Amino acid sequence: MSDSDDPPGLDLGRLRAHLERERPGLVAGELRAELLEGGRSNLTYRVTDGTSRWVVRRPPLGHVLATAHDMAREHRVISALAPTAVPVPGAVLLCEDPDVLGAPFYVMEFVPGVPYRTERQLRGIGPEATRRAVLTLIDTLVDLHAVDPDAVGLGDFGRPQGFLDRQLRRWGKQLDASRSRELPGVDELHTALGRALPAPPAATIVHGDYRLDNVLMDGTRLTAVLDWEMSTLGDPLTDLGLLVMYTEQRATDGLPAPTTGGAPGHPSPAEIVRRYAERSGRDVAAVDWYTAFAYFKLAVILEGIHYRWTLGRTLGAGFDRIGEVVPVFIDRGLRTLDRL
């Protein structure tokens, strides 16, 4: 394969040389790769030597917020969760030397499965399979939140004390790092969330971006939870709120975001909350706060993507519309807080 065939951000010659140094015998032939669709933050590639397949993850090619793309963090958490009930890809190698590919990266095993991103995909498998897939998604979240961090070596993976307040400040700072235009209501939403902070439950490992298109499904079997870049120790209800927020989105809204909640058979937000509460035993009375926070967090993430797009540093289709969506999520966050 010639260098001109390398996908953006992945020098296959350098990757192969590094793998041969660090994992002799792993690669059996010439490498080929493709940039996978769907990643709007870290870049994800499927790589093969014609016999085996792997996945490589690295940060985006342009503007990178300070803590949003931590390769070592992702590699550490999937390594730690390998022996638990939470399905994750096998970790192969972490490289923190930016001289190899221009940024830190890690390699993991390729896991078969499909990420369901759209209502149309779920309509293709039918209502019964859709329902089972989403219930499995919820139950796997409960399994994640039941993992003892100390037992898997993640007791120091985060700072649970003051987690929600710190999260609000962190996402406020990340918003400031990507401010390039006026966003009416965003500061009002941020302030209102701070005034209504709930009392958090006991801390657990949290995923940070838990939704149906961040897992792989083989039929109705969940084969792997992916995209751990925002994982930490903290309030488990932040994961639930995010899942509820995504379930509220509809394909008819024309949003360039995962829209599966309108598929026949898909459990409603209320049923998702109820099943999580029953399986986990947690008090979910403040779920509207966590859902509003999810709207704010997604608005900040999308504004960062929009900012990178304005600089010409974001790969893939659909990024020209991201900027239009940010005010929609701000408004929905404000309306969700009004339900408290």
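D213 is a buried residue, with a relative accessible area of 8%; buried denotes under 20% relative accessible area, exposed over 50%, and partly exposed the range in between, for a 1.4 Å probe and protein chains only. This is a predicted model in which local features need pLDDT of at least 70 and side-chain atom pairs count only at pLDDT 80 or more, while totals for chains, interfaces and linings use all residues. Residues are numbered from 1 along each chain as its sequence is written, and side-chain values use heavy atoms, with hydrogens and water left out.

The side chain of D213 meets that of R117 in a salt bridge, at 3.7 Å from N to O; the term requires a side-chain nitrogen of Lys or Arg within 4 Å of a carboxyl oxygen of Asp or Glu. R117 belongs to the loop between strand 5 (105-109) and helix 4 (119-125), and D213 to the loop between strand 6 (204-206) and strand 7 (215-218), so the pair ties together parts that are 96 residues apart in sequence. Here helices (H or I, at least four residues) and strands (E, at least two) are DSSP runs, numbered from the N terminus. R117 is partly exposed, at 27% relative accessibility.

Another salt bridge joins D139 and R279, at 3.4 Å from N to O. Because D139 lies in helix 5 (residues 127-146) and R279 in helix 9 (residues 269-280), this pair ties together parts that are 140 residues apart in sequence. D139 is buried at 16% relative accessibility, whereas R279 is partly exposed at 49%.

D209 and R211 form a salt bridge at 2.7 Å, N to O. D209 is buried at 14%, and R211 is buried at 12% relative accessibility. Elsewhere, R57, E74, D227 and E229 are linked in a network of salt bridges. The count of salt bridges comes to 23.

Helix packing is the remaining topic. The axes of helix 10 (residues 287-310) and helix 11 (residues 322-337) come within 8 Å and cross at roughly 165 degrees; axes are lines fitted to C-alpha atoms over the stretch in contact, and angles run from 0 to 180 degrees between N-to-C directions. The two helices are therefore roughly antiparallel, a label for angles over 145 degrees, with under 35 counting as roughly parallel, 65 to 115 as roughly perpendicular and the rest as oblique. Residues in contact (heavy atoms within 4.5 Å) include W289, Y295 and L302 of helix 10 and V325, F329 and R332 of helix 11.
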